[in-house]
Amino acid sequence: MPGGLLGTIQIIALGLGSLAVRVALRPGPSAGAARARFLGAAALLLVVCPYMVTYIALEQVTASLMAIVLTTTPLFTVLIVAVLRTEPLTPRRLSGVLLGLVGVSGLIWSQADDGVEAFRTHAAGFLALAFLSPASYAIANVVCASFSSGRAGPVRDAVDTNIVAASLVVLVASFTVPFASAPSVSNLSSEAVWFTALAACANGLASVVFFIALAADGPVDTSTAGYVSAVVAALLGMLFLGETFPVAAIGSAALVLLGVWLSSRATRGGAER
């Protein structure tokens, strides 16, 4: 299945699931200009752009390489924060972000089959395309955290963002994809359907957690904490899928945890003197 189509289907599924949750919620505050700006920015930067770019890039870039590219989100976030000066950027925080990046890259690399060949077999243009995804996530981290108005709580923010993203994708697809050529559900493979449903549920929950963390910890710590997901994925693969967890991966996991600890400690301990 083409990456663009898979990304479109997943965003729509995510929007439908969020719509069901939204119906179950009590009516929220009336929509206004601030709310519209917030949801528009969040939908484009947090859902539409990274999802579509990731799936399109995966047609030419290996999954392991794409996973490593996505781990650069905290680094992009730090750079944006440093330019805008929205958060203090201390040496300890920067060290934590870089240590986590090295650790996650090593962890993914140790589990990948292609190793350094990924850099040799994929064109620089596709890598540049792939890097648009973490850059979009990073901008979303900073932009969404900067909105002082238009917020309605993390759960409502998450579901409304997903609904707006799905609406935008459907609107664009209705003008760009001929109706006759649009695949029906019966023509999609069962693996694609199950993957889409599972990914939509997981991403829906992740979006709620994202907005909760963003409100509590800010953009840098929120994105840096995402490093831990690589460690959890490796451990789950070892426990339930029989995958190996080599010694090199243990050292990489330790770097990840150390990096996240340093970054969060820098925030809670205040600016370094």
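Helix 2 bends by about 35 degrees at Leu44, where the bend is the angle between axes fitted to the seven residues ending there and the seven starting there. This is a predicted model, in which local features need pLDDT of at least 70, side-chain atom pairs count only at pLDDT 80 or more, and totals for chains, interfaces and linings use all residues. Residues are numbered from 1 along each chain as its sequence is written, and side-chain values use heavy atoms, with hydrogens and water left out.

**Helix 2 on its own**
- The 25 residues of helix 2 (residues 33–57) should span 36 Å at 1.5 Å a residue, and the end C-alpha atoms are 34 Å apart, which agrees; the expected span is 1.5 Å times one less than the number of residues.

**Helix 2 with helix 8**
- The axes of helix 2 and helix 8, which are lines fitted to C-alpha atoms over the stretch in contact, come within 8 Å and cross at roughly 165 degrees.
- That angle makes helix 2 roughly antiparallel to helix 8, a term for angles over 145 degrees.
- Residues of helix 2 including Phe38, Leu44 and Tyr51 meet residues of helix 8, among them Leu132, Tyr137 and Val143, where contact means heavy atoms within 4.5 Å.
- By class, the contact of helix 2 with helix 8 has 16 nonpolar, 3 polar and no charged residues.

**Helix 4 with helix 8**
- Helix 4 (residues 73–84) and helix 8 (residues 132–146) pack at an angle of about 45 degrees, with their axes 8 Å apart.
- Among the residues in contact are Phe76 and Ile80 in helix 4, and Tyr137 and Ile139 in helix 8.
- By class, this contact of helix 4 with helix 8 has 10 nonpolar, 3 polar and no charged residues.

Methods. Axes fitted to C-alpha atoms, helices over the stretch in contact; angles between N-to-C directions. Helix = DSSP H or I, 4+ residues; strand = E, 2+ residues; numbered from the N terminus. Nonpolar A, V, L, I, M, F, W, Y, C, P; charged D, E, K, R; others polar. Parallel < 35°, antiparallel > 145°, perpendicular 65-115°, else oblique.
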